Amino acid sequence: MNKMKAGIIGCGNISGIYFTNLKNSPWIEIVACADLIMENAKAKAEEFNIPNVYTVEEMLAQPDIEFIINLTIPASHANVDIAALEAGKHVYSEKPLAITLEEGRRVLNLADQRGLRVGCAPDTFLGSGVQTAKAAIESGMIGRPIAATAFMMGSGPEAWHPNPEFFYAAGGGPMMDMGPYYVSALVELLGPARRVSASTGIQIPDRTVGSGPLQGKPIHVQTPTHLAGTLDFENGAIGTMITSFDIFGGSNLPWIEIYGTQGTLSLGDPNFFNGEVKLKRHGSEAWEVLEPVFECGSNERGLGINDMIQSIHEHKDHRSSGRMAYHVLEIMQSFQQSSLEGRHIVLKSTYRYGSLPAPQQAESAE
């Protein structure tokens, strides 16, 4: 089978791991890259032996490129996805799918109309960590799941990131930046959510760039940096979740725990693909480390792309899908909406992995 030819748009910090991991993919061949800053694209092309460097417009006009990997900043995700779909190409973007639900619906509806696929990071839930926990739940090790916790407690990326301002602009913040890893893992383990309630705030409104050429530049925060809330899942489980860039003294809270009628599962950082999964059974005082269901490295970014292209060839649904990413996006957006409006937000979307509907029969994002 011939590999599907693909181009990467966006040659920033995250792109290196995609170039590296997809180099030997059995499903995809990276033949081109593009960036608004042409020097960035040229540097990555030279580093990873990519034969073609294009502008974005030139890349989308190439008839042999069937697949676009969108690694731009969050505010550009939807526009680049839409441009790729309008050019007749499948597209996979970094998270989040979009920064508004309206943009996300436009992406999904256009893909349905064109008979094309949309994928979206994170694909970390495909790694051995979450999949080991999922196998434990499905085998009944903890009984019926009834609750979950998820905590991302940190001080923000401005100390180390060379250009951190977008983390504190609309579409940024800890929920939109790191929340996708946690929410996607919870949806994979517990199924779709049905409503959200939350309180959010900008607890530390002024930041300073801590490294790189912009070191010392002030950042005025424009999006919530501490979000705490609850998620009610369709299966009856209740989740408690906090994401924060305001925790400067660190935390001992777990990353993710799943609580069942017969035991508890404790997972590692969902930003990584592997990590220990520990089980504490009802009546036991000891935690036991579960054997991984398969071996996996810590950073396998690109798994979702390989699965997506294989699924296209096999005419089945893919796992890191735009439909899942849209449900995750609605959950994340509902944290701030709930806080602003002082009420539960009942979700309009849902998501379950299964057979991909034909384009003319595809359900709308809502």
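What pLDDT does the protein average, and what share of the residues score at least 70? You're looking at a predicted model, and its average pLDDT is 95, with 96% of the residues scoring at least 70.

**Stop 1**

Colour by pLDDT and select residues 358–366. Here pLDDT stays under 50, and the model has 14 contacts for this stretch beyond four places in sequence. Where pLDDT is low, the predicted coordinates should not be read in detail. Let's move on.

**Stop 2: the sheet**

Switch to cartoon view and find the open sheet of nine strands. Its order is β16-β15-β14-β13-β7-β12-β11-β8-β17, with mixed pairing. Go to the edges: β16 (288–289) and β17 (345–346) each pair on one side only.

Now pick out β8, residues 193–201, and β11, residues 226–233. These two strands run antiparallel and pair over eight bridges.

**Stop 3: the cores**

Show side chains for I258, L265, L267, I331 and F335. These have the most contacts inside the largest nonpolar core, a set of 78 residues. Helix α7 (residues 173–190) gives the most to this core, eleven residues in total. In soluble globular proteins, nonpolar side chains tend to be buried together.

Stay on F335 for a moment. Which residues is F335 in contact with, leaving aside its neighbours within four places in sequence? The list runs M175, V196, A198, T200, L227, A228, G229, L231 and M241.

**Stop 4: the cysteines**

How many disulfides does the count come to? The count is zero. Select C11 and C33 to see an example: the closest cysteine sulfur to that of C11 is in C33, 4.3 Å away, so the two are too far apart for a bond. C11 is buried, at 4% relative accessible area. C296 is in no disulfide either, as its nearest cysteine sulfur, in C120, is 19 Å away. C296 is buried too, with a relative accessible area of 17%.

**Stop 5**

Most residues other than glycine have a negative phi, and most peptide bonds are trans. Here are some exceptions to click on.

- K95 and P96 are joined by a cis peptide bond, with omega about -10 degrees. You'll find P96 in the loop between β5 (90–93) and α5 (101–114).
- A121 to P122 is also a cis peptide bond, with omega near 5 degrees. P122 sits in the loop between β6 (118–120) and α6 (128–138).
- N49 is not a glycine, yet its phi is positive, near 60 degrees. Look in the loop between α2 (38–48) and β3 (52–54). N49 is exposed, at 68% relative accessible area.
- H315 has a positive phi of about 55 degrees, and it isn't a glycine. H315 is in the loop between α8 (303–314) and α9 (322–341). Is H315 buried or exposed? H315 is exposed, with a relative accessible area of 72%.

Note on methods
Residues are numbered from 1 along each chain as its sequence is written. This is a predicted model: local features need pLDDT of at least 70, side-chain atom pairs count only at pLDDT 80 or more; totals for chains, interfaces and linings use all residues. Side-chain values use heavy atoms; hydrogens and water are left out. pLDDT is the predictor's confidence in each residue, from 0 to 100. Contact means heavy atoms within 4.5 Å. A nonpolar core is a set of buried Ala, Val, Leu, Ile, Met, Phe, Trp, Tyr and Cys residues joined through side-chain atoms within 4.5 Å. Buried means under 20% relative accessible area, exposed over 50%, partly exposed in between (1.4 Å probe, protein chains only). Helices (H or I, at least four residues) and strands (E, at least two) are DSSP runs, numbered from the N terminus. Two strands pair if DSSP finds at least two bridges between them. A disulfide is a pair of cysteine sulfur atoms within 2.5 Å.
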